[in-house]
Amino acid sequence: MTILQASRYAGKLWYDDVHFQTDKRPWFGQLREVAAGDFTFAVLGDRCGMATAGVFEKALEVVADLKPDFVLSVGDLIEGYWKDAADARAEWEYIDEKIEATGLPFFHVVGNHDYGNQVMLDVWRERKGFEYYAFRAGDALFLILNTEDPPTELSDEFIDIIKKTTFNVQNDPEQMTAHMQAFYNDMVSRMSPEQLEGMSRIDLAFSDEQMAFAERVLEENRDAKWTFVSMHKPGWKSENERYNKLIGLLDGRPHTIFAGHLHAMEYSVSGNGEHIQLGRTGGHAHGEGPESDNVLLWVNVRDGKPTYRVIHLDGIGEIGSYKPQKHSKEAK
């Protein structure tokens, strides 16, 4: 078995070493070379905001048992939006320890909660080095992008509302509906109609450097049979010109774009590309239908083509919960 080292110079993994000179990496583990080109991976949705305790941890236990070749994230693994770096580090210490304990290669993606201000950006780079990169698994290319480049900083007033609601949800989960209604009422009372409308938009940001990197990686991997792109915000729901440029670069290539952010499972096809918006994996539900369940996505790649299975975590039972039942003797 050949092990692909986490280095640009392994020829199977790329990062922007012109702009990021660091020994930190936004992944755990080492990627096994897929000799036959067939492999499996899992994709996990948003753990935050306003995480339900234990859900993401359960998803990690499930994938550790199922043993995919690796795991992808779509971001928002911590509540974030901290002004004190020590608070951000403490959140990352907790979830990184859980992720690393699975023993699986795990590839991080930046979410707005992970990277929502300069303090969060500094802590990310301190711990994980950089935010966009790419790797090969067999005949497939994986391009990991940062939709918060640069981050959009929220007002102190709005962050205070988020922090208050997060505290209430985590400490009084039985009253989650009431806490979320109070959150909505707070926003409506403190924000102008223009601000509220702005909060509903899907705003992405890609730097010049990131776009140049994506273009170079795609050009160097024209032989890939399938291209997977993982990002946090669903660019296909935005009007971002640089996202549209990315779609132009993907033209003619079979591809799948994974995103999260909206906490609801969706699948659509556009041209030769698939759009998969991950449902939540712990974050607060934005709706009530099955698309708003806690899920993980299982992906099989066979002969260069992916197939998908959505695993609903709330439907996975612990064996100890199935107690023996007493039955009367059969009538003779």
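The following legends describe close-up views of a predicted model.

**View A. The open sheet of 7 strands.** The strand order is β2-β8-β9-β10-β11-β13-β12, and the pairing within this open sheet is mixed. Strands β2 (13-15) and β12 (266-270) form the edges, each pairing on one side only. From one strand to the next, the twist averages 15 degrees.

**View B. The pairing of strands β9 and β10.** Strand β9 comprises residues 140-144 and strand β10 comprises residues 226-230. These two strands pair in the parallel sense, and 5 bridges join them. Within this pairing, F142 has F228 of β10 as its bridge partner.

**View C. Helix α8 against the sheet strands.** Helix α8, formed by residues 241-250, lies across β9, β10, β11 (255-259) and β13 (273-277). Relative to β11, helix α8 runs at about 150 degrees.

**View D. The packing of helices α1 and α2.** Helix α1 (residues 55-66) packs with helix α2 (residues 85-101) at an angle of about 20 degrees, and their axes are 10 Å apart. Because angles under 35 degrees count as roughly parallel, α1 is described as roughly parallel to α2. The crossing of α1 past α2 is right-handed.

**View E. Residues in the contact of α1 with α2.** Helix α1 contributes F56, E57 and L60 to the contact, while helix α2 contributes Y94, I95, K98 and I99. By residue class, the contact of α1 with α2 consists of 5 nonpolar and 2 charged residues, with no polar ones.

Notes
Residues numbered from 1 in each chain as written. Predicted model: local features only at pLDDT ≥ 70, side-chain atom pairs only at ≥ 80, totals over all residues. Heavy atoms only, no water. Pairing = 2+ DSSP bridges. Helix = DSSP H or I, 4+ residues; strand = E, 2+ residues; numbered from the N terminus. Axes fitted to C-alpha atoms, helices over the stretch in contact; angles between N-to-C directions. Contact = heavy atoms within 4.5 Å. Parallel < 35°, antiparallel > 145°, perpendicular 65-115°, else oblique. Left-handed = near helix turned anticlockwise from the far one by under 90°. Nonpolar A, V, L, I, M, F, W, Y, C, P; charged D, E, K, R; others polar.
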